[in-house]
Amino acid sequence: MSSDQSLRINDLCKSYGGAPVLDRFSLRVAPGEFVALLGPSGAGKTTLLRCVAGLIAPDSGEIMLGRQPMHLLTGAALRRARHDIGFVFQQFNLVRRRTALGNVLTGRLSDVALWRIVLGRFPDADRRAAFSALERVGLLDQAWQRADSLSGGQQQRVAIARALVQRSRLMLADEPVASLDPAAAESVLSLLREVAREHEMSVLCSLHQPALAERYADRICAIAAARGPLTIA
Ligand SMILES: Nc1ncnc2c1ncn2[C@@H]1O[C@H](COP(=O)(O)OP(=O)(O)O)[C@@H](O)[C@H]1O
Ligand SMILES: [Mg+2]
């Protein structure tokens, strides 16, 4: 396993209107590792994840995903780099009117010719990969169901399947279980941990429940607004 594939965040600073949210925040997530970002509301968890995704620019510091400097990329280069990243958010981020299968296939979009997307024709290999990912997350029977007819936990599983067909190296999950009942929350976190190991995927997952972080994460990074990280075990 090459350490070069890690996510490395060094001395990241971000403030809003002079109020610092991240102050020289550093963190490393190795391939296959599940790191929980644990902190109360307002601690800067979403801000950090948005910086890593290249959705907002940090004031200073660097974010390396493998060899790619996420903090420096823009335009097409940033879009390409983002293709290595899977996303699971608290508010379910699927296309509501599409089927579970259709949502998983969007993980292949940037690899597929535009005319195929317009006609809804994905190559057979992509369909096989999508079915296989749905099977992995336990949703093969729901492949043809519309995303908005699925439960919250099932929708998060579809988002995980989408990252699998995308062959993401990094999964960013922003409070992915905040809207789920306890049983669904546990099953989504346990699935995230399993796929991290199976696919050597780095997972950075924000949570505000210490008990869940302790049970599922390989490592916990506690975050408090404008203070440095405190790494526990
Ligand atoms: N776009 C923004 N403009 C101004 N302040 C913001 C913005 N986004 C977040 N903040 C502030 O930054 C702090 C951290 O927010 P956030 O990253 O959302 O924390 P968390 O996800 O841990 O709840 C909060 O005080 C929040 O009000
Ligand atoms: Mg947040």
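1. The face of helix H5 that is turned away from its buried side carries the exposed residues Asp124, Ala125 and Arg128. Helices here are DSSP runs of H or I with at least four residues, strands are runs of E with at least two, and both are numbered from the N terminus.

2. On the basis of the note: this is a predicted model, in which local features need pLDDT of at least 70 and side-chain atom pairs count only at pLDDT 80 or more, while totals for chains, interfaces and linings use all residues. Residues are numbered from 1 along each chain as its sequence is written, and chains are lettered from A and ligands numbered from 1 in the order in which they are written.

3. The protein has 233 residues, of which 42% count as buried. Its secondary structure comes to 8 helices and 10 strands. Among contacts between residues at least 6 apart in sequence, 71% join residues at least 24 apart; a contact requires the two C-beta atoms, placed from the backbone, to lie within 7 Å.

4. To return to H5 (residues 124-136): the helix has 13 residues and reaches 18 Å from its first C-alpha to its last, close to the 18 Å expected at 1.5 Å a residue. The expected span is 1.5 Å times one less than the number of residues. Buried in H5 are Ala129, Ala130, Ala133 and Leu134. They cover an arc of only 135° around the axis, so they lie on the same side of H5; the arc is that of the directions from the helix axis to the C-beta atoms. Helix H3 (100-105) and H6 are among what covers these buried residues. Just after H5, Gly138 has a positive phi of about 80°.

5. Helix H6 (residues 152-165) has 13 of its 14 residues buried, so it is largely enclosed by the rest of the structure. Its end C-alpha atoms are 20 Å apart, which agrees with the 20 Å that its residues should span at 1.5 Å each. Arg167, which follows H6, has a positive phi near 55°.

6. An open sheet is formed by 4 strands in the order S2-S1-S4-S5, with antiparallel pairing. Its edge strands are S2 and S5 (68-69), each of which pairs on one side only. Two strands pair if DSSP finds at least two bridges between them. Strand S1 (residues 7-16) is joined to S2 (residues 19-29) by 7 bridges, and Lys14 has Leu22 in S2 as its bridge partner. S1 and S2 form a hairpin with 2 residues between them, and Gly17 in the turn has a positive phi of about 50°.

7. Ligand 1 has around it Tyr16, Val21, Gly39, Ser41, Gly42, Ala43, Gly44, Lys45, Thr46 and Thr47. A residue is near a molecule if its C-beta atom, placed from the backbone, lies within 6 Å of it. Helix H1 (residues 45-52) gives the most to this shell, with 3 residues.

8. Pro182 is found in helix H7 (residues 182-199) and is exposed, with 10 other C-beta atoms within 10 Å. The C-alpha atoms of Pro182 and Leu212 are separated by 9.8 Å, although the two are 30 residues apart along the chain.

Technical notes: Buried ≥ 20, exposed ≤ 12 C-beta atoms within 10 Å, placed from the backbone.
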